[in-house]
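Please look over the structure below before reading the report that follows.

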2 protein chains.
Amino acid sequence: MIKSELCELLGIQYPVFQGGMAWIADGKLAAAVSDGGGLGIIAAGNAPGEYVREQIKIARSLTDKPIGVNIMLLSPFADDVAQIVTEEKVEVVTTGAGNPSKYMKAWKEAGIKVIPVIASVAMAKLMTRVGASALIAEGGESGGHVGELTTMVLVPQICDATDLPVIAAGGIADGRGVAASFMLGACGVQMGTRFLSAKECTIHPDYKEKIIKATDLCTMVTGKRLGHPVRSLRTQFARNYSKAEYGGMPDDELEALATGALRIAVQEGDAEKGCFLSGQCAAMVKKEQPAAEIIKEVIESAEQVLLKASKWTD
Amino acid sequence: MIKSELCELLGIQYPVFQGGMAWIADGKLAAAVSDGGGLGIIAAGNAPGEYVREQIKIARSLTDKPIGVNIMLLSPFADDVAQIVTEEKVEVVTTGAGNPSKYMKAWKEAGIKVIPVIASVAMAKLMTRVGASALIAEGGESGGHVGELTTMVLVPQICDATDLPVIAAGGIADGRGVAASFMLGACGVQMGTRFLSAKECTIHPDYKEKIIKATDLCTMVTGKRLGHPVRSLRTQFARNYSKAEYGGMPDDELEALATGALRIAVQEGDAEKGCFLSGQCAAMVKKEQPAAEIIKEVIESAEQVLLKASKWTD
């Protein structure tokens with residue numbers, strides 16, 4: 001079965017991370033992924049520190065494998081969460097939406113492996129300098145907050161810019177994506193959208209159904225005008241937002257339009273008011289499965305693809 | 001050296017196409033690529049049929065290898081060009097910006113292999129039904145007119161939707177991209193941006209220099225509001241256009257703003273008024289080289305990457 005240096009670095013069985021999706025990636029999902037041999041990651045999002053602590057405890061009660069926490073650095077509770085992950089001694093912290101330099105010393109002293117999510121060469125170089133353990137290079141085909149470069153273009157450039165292990169993210173939903181990521185220079189992958197259909201993922205059933213029924217052109221990016229582009233399913237909400245964005249709605253009204261939309265999607269499944277974050281690869285997600293089964297299927301299929309790689313060079 | 005079914009289908013040495021870039025891909029560039037073992041493709045763009053015939057003759061005078069013509073189906077001269085490629089018996093026609101069904105019969109009778117550029121599953125199925133010989137699945141990281149899906153997400157879905165050979169395009173500039181494309185299910189690649197730096201590419205020296213000096217976040221997409229998104233270098237022109245697009249400029253003025261901008265970039269290199277089409281991978285293009293050397297370098301490096309694929313499965 002597939003192994004990489006990432007497995008040794010983190011003490012995990014397969015080089016597969018589950019993306020830290022705000023409002024979605026809780027202790028239960030993270031535990032299921034870690035227990036299945038990957039790395040489950042609890043999303044702190046904008047939640048208070050104590051929520052995160054509680055989710056860590058839930059995960060610990062369900063698995064003794066390493067777990068991670070994703071810290072969204074723009075959160076008003078980022079400092080709290082940064083402290084709590086050291087107290088709870090989570091094995092891995094991934095970071096998004098900014099520069100985690102100010103926490104690095106404390107995290108490293110606590111033995112935490114810090115793996116920032118990055119979307120540019122400059123950020124890769126900076127994070128390498130300040131002592132990251134690895135980097136997640138996330139292409140703009142991913143769901144949620146997106147960068148500009150796609151996985152195909154970003155991953156090789158990040159690999160050229162750092163000696164750290166690189167984890168590819170964005171658009172990866174099956175073994176072909178894993179194998180392709182390895183060819184680009186990565187030694188692991190992070191999948192978000194594929195885990196939305198995990199049995200242990202507690203999003204509203206309508207959200208899950210939307211992902212499983214999604215077709216190829218199912219997502220769109222909104223929020224570019226305000227500088228925070230977000231990829232979500234092309235629902236009525238997303239279309240309305242896009243229209244408002246081009247239609248000259250003032251910035252503060254536009255901001256207000258999106259407030260709470262993520263929670264509404266996850267908890268209520270409301271297609272009119274909810275923002276259903278999703279990567280472009282939703283169409284490749286076909287059914288609900290236990291997280292462990294998803295990991296096994298993806299890894300086994302990646303292995304098959306990689307074993308056939310030599311046929312091109314005969 | 002790398003071979004695939006595409007080589008046999010088209011009688012070419014390496015499974016590498018040069019993208020049919022309007023105003024750029026002329027007979028000289030196409031001949032250099034074909035002579036180097038790939039498939040050189042003359043771009044018809046919006047040019048009159050007789051221009052295309054002339055470029056075909058130039059290419060034929062420089063190489064006896066197969067050549068292709070890319071027909072932009074929205075061109076006012078598309079019917080003329082469609083006729084001329086049969087008269088000149090080009091080996092391959094690639095098509096963009098539409099549905100070439102009405103020409104299929106004549107082209108196939110003339111022995112031409114028809115290979116549409118597509119960006120969605122629906123178009124892949126339609127083109128398979130009407131008798132295409134292969135499909136180019138082009139991700140939105142490519143330069144020029146772009147679809148929504150990225151190469152990483154599009155290629156596997158197209159491979160699932162057709163039994164035809166699939167050529168991956170978008171974001172591919174080196175051997176890693178070729179190897180990744182194979183893992184995704186493709187049996188060949190098309191590169192555009194990488195060939196902008198070919199010695200035989202006759203764009204303005206300032207255009208070539210901009211590509212060679214480009215950094216990772218060098219491109220942007222404009223034109224979404226009018227329904228024709230285009231990826232180009234982030235120049236003053238592109239920034240101004242983007243501002244006008246969000247700023248409520250009437251559609252006809254916006255349309256006028258872009259008229260001639262491509263020609264100005266290619267022929268005059270004017271950074272203020274020119275639109276410098278480029279894929280996201282411009283940052284991976286490092287120097288001017290003969291087209292044949294580009295192909296050899298890319299193929300040799302892809303081979304190295306593929307030969308190492310089995311290390312992950314030990």
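Does A:W23, at 46% relative accessibility, count as buried, as partly exposed or as exposed, and why? In this predicted model, A:W23 counts as partly exposed, because its relative accessibility of 46% falls in between the limits of under 20% for buried and over 50% for exposed.

## Two residues with positive phi

A:W23 is found in the loop that lies between strand 1 (16-18) and helix 2 (27-35) of chain A. Although A:W23 is not a glycine, its phi is positive, at about 70°.

In chain B, B:K89 likewise has a positive phi, of about 50°, although it is not a glycine. The loop that holds B:K89 lies between helix 4 (78-87) and strand 4 (92-96) of chain B. B:K89 has a relative accessible area of 55% and is therefore exposed, the cut-off for that class being over 50%.

## A buried serine in chain A

A:S75 belongs to the loop between strand 3 (67-72) and helix 4 (78-87) of chain A, and because its relative accessibility is 7%, A:S75 counts as buried. When residues up to four places away in sequence are not counted, A:S75 touches A:G45, A:N46 and A:A47.

## An open sheet in chain A

Three strands of chain A form an open sheet in the order 7-11-10, with antiparallel pairing. Strand 7 (144-145) and strand 10 (219-222) of chain A each have a single partner strand and stand at the edges, so one side of each is left without a neighbour in the sheet.

Strand 7 of chain A runs antiparallel to strand 11 (residues 230-233) of chain A, and two bridges join them. Within this part of the sheet, A:G144 stands opposite A:R231 in strand 11 of chain A.

Strand 5 (residues 113-118) of chain B pairs with strand 6 of chain B in the parallel sense over two bridges, and B:I118 stands opposite B:A137 in strand 6 of chain B. From strand 5 of chain B the chain crosses through helix 6 (residues 121-129) of chain B to strand 6 of chain B, in a β-α-β crossover that is right-handed. Strand 6 of chain B also pairs in the parallel sense with strand 8 (residues 166-169) of chain B, over four bridges, and here B:E138 stands opposite B:A169 in strand 8 of chain B.

## The interface of chain B and chain A

The size of an interface is often given as the accessible area lost when the parts come together. Chain B and chain A bury about 4,300 Å² between them, with 63% of it on carbon and sulfur atoms, and 52 residues of chain B are in contact with 52 residues of chain A.

Across this interface of chain B and chain A there are 16 residue pairs in polar contact, both residues being at pLDDT 80 or more. Four salt bridges are found across the interface of chain B and chain A; A:E148 forms a salt bridge with B:R234, in which the closest N and O atoms are 2.7 Å apart. The elements that give two or more residues to the side of chain B that touches chain A include helix 7 (151-161), helix 11 (236-246) and helix 14 (291-307) of chain B. Helix 8 of chain B gives the most to that side, with eight residues.

Terms used. Residues numbered from 1 in each chain as written. Chains lettered and ligands numbered in written order. Predicted model: local features only at pLDDT ≥ 70, side-chain atom pairs only at ≥ 80, totals over all residues. Heavy atoms only, no water. Pairing = 2+ DSSP bridges. Right-handed = clockwise from strand over helix to strand, strands pointing away. Contact = heavy atoms within 4.5 Å. Buried area = accessible area lost by both parts, 1.4 Å probe. Salt bridge = Lys/Arg side-chain N within 4 Å of Asp/Glu carboxyl O. Polar contact = N/O pair within 3.5 Å; in protein donor to acceptor, adjacent residues only side chain to side chain. Buried < 20%, exposed > 50% of the residue type's maximum accessible area, 1.4 Å probe, protein only.
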